[in-house]
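Visitor: I am new to this one. Please show it to me, and then let me ask a few things.

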Amino acid sequence: MSWLNRLPGFRRAPAGLEWAMWQRLPAILLGGTVLPLVLAGLAWWATPLGEADAADPAILQFVFIMAGVIVLHWTLVLTVAIACAIVMLMKGPAYVADPYPLPDSDRPAVTARRTPS
């Protein structure tokens, strides 16, 4: 028995915006990761060393904000990737489930009704 039975006569929907976005996601992920890393690295490198090599708290806060921006960017790209995958699956070929014979298919099931008393 085949697990995947295609629905006869079904036509696939044409590819749309989801494929264009899917193909651009690696570049978007790389660009959105590298840019904050470069900014954080430049800020860290440009910090003058003071007493006991303590970093400026404002620069340290900026580095942490850039780390948060990177994590936020990754979650947004993952969300868009999941959305693209769902749309691609929904536009794919239709499949038919295995038939399930109902015990009351010849006659409808009778439900007991209560009469108000």
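Visitor: Which residue forms a salt bridge with Glu18?

Guide: This is a predicted model. A search of the whole structure finds 1 salt bridge. Its closest N and O atoms are 3.4 Å apart, within the 4 Å cut-off. The partner of Glu18 is Lys91.

Visitor: How many residues apart in sequence are the parts that this pair ties together?

Guide: Glu18 lies in helix α1, which covers residues 17–45. Lys91 lies in helix α2, residues 57–91. So the pair ties together parts whose separation in sequence is 73 residues.

Visitor: Is Glu18 buried or exposed?

Guide: The relative accessible area of Glu18 is 8%. Buried means under 20%. Glu18 therefore counts as buried.

Visitor: What is the state of Lys91, buried, partly exposed or exposed?

Guide: Lys91 has a relative accessible area of 24%. The limits are under 20% for buried and over 50% for exposed. Lys91 falls in between, so it is partly exposed.

Visitor: Which residues is Glu18 in contact with, leaving aside neighbours within four places in sequence?

Guide: Glu18 sits in helix α1. Its salt-bridge partner is on the list of contacts.

Visitor: Which element has the highest mean pLDDT?

Guide: The protein averages a pLDDT of 82, and 75% of the residues score at least 70. Where pLDDT is low, the predicted coordinates should not be read in detail. Among the elements, strand β1 (residues 5–6) has the lowest mean, 75. The highest mean, 94, belongs to α1.

Notes:
Residues numbered from 1 in each chain as written. Predicted model: local features only at pLDDT ≥ 70, side-chain atom pairs only at ≥ 80, totals over all residues. Heavy atoms only, no water. Salt bridge = Lys/Arg side-chain N within 4 Å of Asp/Glu carboxyl O. Helix = DSSP H or I, 4+ residues; strand = E, 2+ residues; numbered from the N terminus. Buried < 20%, exposed > 50% of the residue type's maximum accessible area, 1.4 Å probe, protein only. pLDDT = per-residue confidence, 0-100. Contact = heavy atoms within 4.5 Å.
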